[in-house]
Amino acid sequence: MTDVDEIVRRAADLNSAPEARREAFGELVIRFQDMAFACAFAVLRDAYLAQDTAQEAFVIAWQKLAQLREPAAFPGWFKRIVMTQCTRLTRCKRLQFVPLDAGVDKSTDDPGPHVSAERRDLVTKVLQAINALPENERLVTTLFYVNGYTQADIGEFLEVPVTTVNKRLYSARQRLKAGVVELFKGDLQQQRPSRNEKFATEVNTKLRPFYDPDWPTVTAIASARAGTDARSYESWVNRRNAFDESRYFRRQYVVEDERTKQINAYGVIEQSIYLPKYRLLLLSDPEWLKCGAGELLLDRLLSDAVDAKAITVSCRQYASEIELANLLQSRGFEEVSRVIDLRLNVTDADMSAFLPVLKRIDEQGISITTFAEERERDPHCVEKLYELTTLLQQDDPARGPVARPAYNAREALMWLEMKYVLPDALFIAKRGEEYVGVSDVSLFEALPGALTQGFTGVRREYRRRGLATALKVREVLYAQLHGYQIIQSFNKLEQIAIRALNEKLGFVVMREQLLLEKCLRDVVDIDARIFDEYAGKYRNDARPDLVTLVRNEAGRLTMEFLGQKVQLFPTSETEFFVKYFYGEVTFDRDWLDFVMRVPDSEPVVHRIYKIVQD
């Protein structure tokens with residue numbers, strides 16, 4: 001295999017044309033196809049699975065070829081990929097051993113039942129003898145007889161000295177009878193991939209890019225996943241169709257059955273409006289996930305995400321999709337939230353039993369108005385609303401460890417003017433000029449014909465008066481008046497009281513959902529006491545009015561400026577990054593560098609100095 005390293009270089013050269021790279025990799029497939037099959041057969045002892053595993057190994061090798069630092073090390077590197085795929089398959093419960101000659105083309109001349117039976121018995125005895133060998137001897141024997149590979153070739157592939165290959169081969173021959181060896185050799189060579197061009201042709205058909213004609217099949221898989229939840233299915237389709245590929249990055253792939261060309265799995269990665277944050281979607285039957293479709297898609301999609309300079313990749317899925325969750329968690333994804341999807345059928349909802357609550361609230365001198373009305377009447381409306389929600393969220397059992405930033409008029413108003421916000425559906429409870437409660441419904445990620453319920457909260461001194469109920473009743477009446485059919489609410493497991501109130505109003509539980517996330521940048525563990533050294537106020541002399549606050553909040557380093565607050569994630573004791581935008585921070589004793597590093601653009605560096613307290 002003297003020229004393997006040169007072929008690998010051509011296949012991995014990103015500066016070459018794609019056709020040239022694929023042609024070079026095709027040479028590697030032809031060169032190593034029998035070796036990959038023999039290696040897989042020695043471990044799996046199943047001819048069909050060995051073929052499938054070898055093909056999957058080539059797909060993975062193609063995806064990861066750029067990671068191979070030394071082209072000459074390809075044989076051993078590729079062997080490890082084959083063995084990894086074998087390990088994955090041996091964990092599946094679908095292994096059914098198939099004799100080597102089961103897939104060999106038979107002559108049209110039937111030798112008769114007695115001869116066929118004798119042949120099967122003989123093959124069975126041969127396989128029993130081969131399978132009785134220790135695995136290292138079985139592996140060397142299979143590699144040696146599959147296609148006349150030399151001991152040097154085998155040693156390079158197995159990453160062992162030639163002397164070790166010779167010893168194992170000699171030991172195996174001593175254990176086996178000569179007739180057994182010859183019969184095994186004959187059957188093995190009839191089954192090897194190089195007997196025709198079919199194997200090499202099929203290697204690239206396991207995973208391929210998504211094309212528009214695939215859409216009906218993909219949507220059928222999505223519909224099956226949604227089950228009876230037609231609105232979720234419709235929403236899924238609408239979001240895929242509405243995605244703007246001219247502004248945001250997206251890659252889509254399908255996994256096909258190489259024999260039937262049936263699409264069995266679909267995967268997509270999409271850039272979000274928070275440019276470093278990407279969404280991952282995987283659709284597949286659990287059985288296909290178990291047997292490699294998910295890993296093929298995940299390997300390729302994560303590779304694409306790295307190439308696109310993504311910082312995080314997240315996947316929202318049903319909690320019942322256990323195989324998918326296990327796959328993602330095995331690849332470094334972590335659960336970041338778990339919510340219960342509750343829905344109210346607005347059309348059939350009867351709020352008459354709750355109308356007296358509205359009357360009692362009014363009798364207590366509490367009125368319920370809307371953000372639209374308050375904004376017309378009160379110039380301090382936005383600030384009062386922000387202060388109220390900041391106060392109320394401190395009592396939310398599902399609150400995060402990092403406090404909200406201080407009020408900033410521009411930032412607060414920007415969120416309230418988002419297209420999905422319905423100013424006349426953001427309800428505010430007030431007593432006199434004091435805001436005492438809030439609740440809203442909006443179009444944020446809403447299902448077709450539906451509204452999404454937002455945050456609901458009431459000041460402590462006004463609780464247990466029915467005020468939260470009254471606010472939610474107003475939401476239902478609003479939805480009925482404006483022709484919406486559904487209100488959807490996502491409640492975290494800790495939000496027991498608000499879930500109980502929703503169910504009292506008629507909401508029903510649909511499903512439990514998980515959000516799993518993987519950070520593609522390395523985050524290191526450092527002593528949180530170092531954060532105290534960085535904490536303080538920072539200012540640039542060019543903008544003395546602009547103060548940046550750095551805090552240690554429960555062992556998390558945060559930075560706040562202009563009404564925004566972000567958590568800083570350490571890559572070393574002095575260097576940090578931000579997940580929501582391409583920002584990096586480097587600390588020194590008396591200053592910090594804040595770098596905006598947008599891909600394919602020159603970085604913008606802001607040096608700001610720590611304010612020395614008197």
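Helix α3 (residues 47–64) and helix α14 (residues 293–307) bring their axes within 10 Å of each other, crossing at roughly 5°. Axes here are lines fitted to C-alpha atoms, for helices over the stretch in contact, with angles running from 0 to 180 degrees between N-to-C directions. That makes α3 roughly parallel to α14, a label for angles under 35 degrees, while 65 to 115 counts as roughly perpendicular. On the α3 side the contact (heavy atoms within 4.5 Å) involves E56, V59, I60, Q63 and K64, and on the α14 side L296, D299, R300 and S303. Sorted by class, that contact has 3 nonpolar, 2 polar and 4 charged residues; Ala, Val, Leu, Ile, Met, Phe, Trp, Tyr, Cys and Pro count as nonpolar, Asp, Glu, Lys and Arg as charged, and the others, Gly among them, as polar.

All of this comes from a predicted model, in which local features need pLDDT of at least 70 and side-chain atom pairs count only at pLDDT 80 or more, whereas totals for chains, interfaces and linings use all residues. Residues are numbered from 1 along each chain as its sequence is written, and side-chain values use heavy atoms, with hydrogens and water left out. Mean pLDDT (the predictor's confidence in each residue, from 0 to 100) is 87 for the protein chain, and 90% of its residues reach 70 or more. Residues 93–119 fall below 50, yet this stretch has 38 contacts in the model beyond near neighbours in sequence. Where pLDDT is low, the predicted coordinates should not be read in detail.

Turning to strands, β14-β15-β16-β17-β18-β19-β20-β21 form a closed barrel of 8 strands with antiparallel pairing; strands pair if DSSP finds at least two bridges between them. Helices (H or I, at least four residues) and strands (E, at least two) are DSSP runs, numbered from the N terminus. Neighbouring strands of this sheet are turned by 30° against each other on average, direction ignored. Antiparallel strands β17 (residues 564–570) and β18 (residues 575–577) are joined by 2 bridges, and P570 has F576 in β18 as its bridge partner.

Technical notes: Angles under 35 degrees count as roughly parallel, over 145 as roughly antiparallel, 65 to 115 as roughly perpendicular and the rest as oblique.
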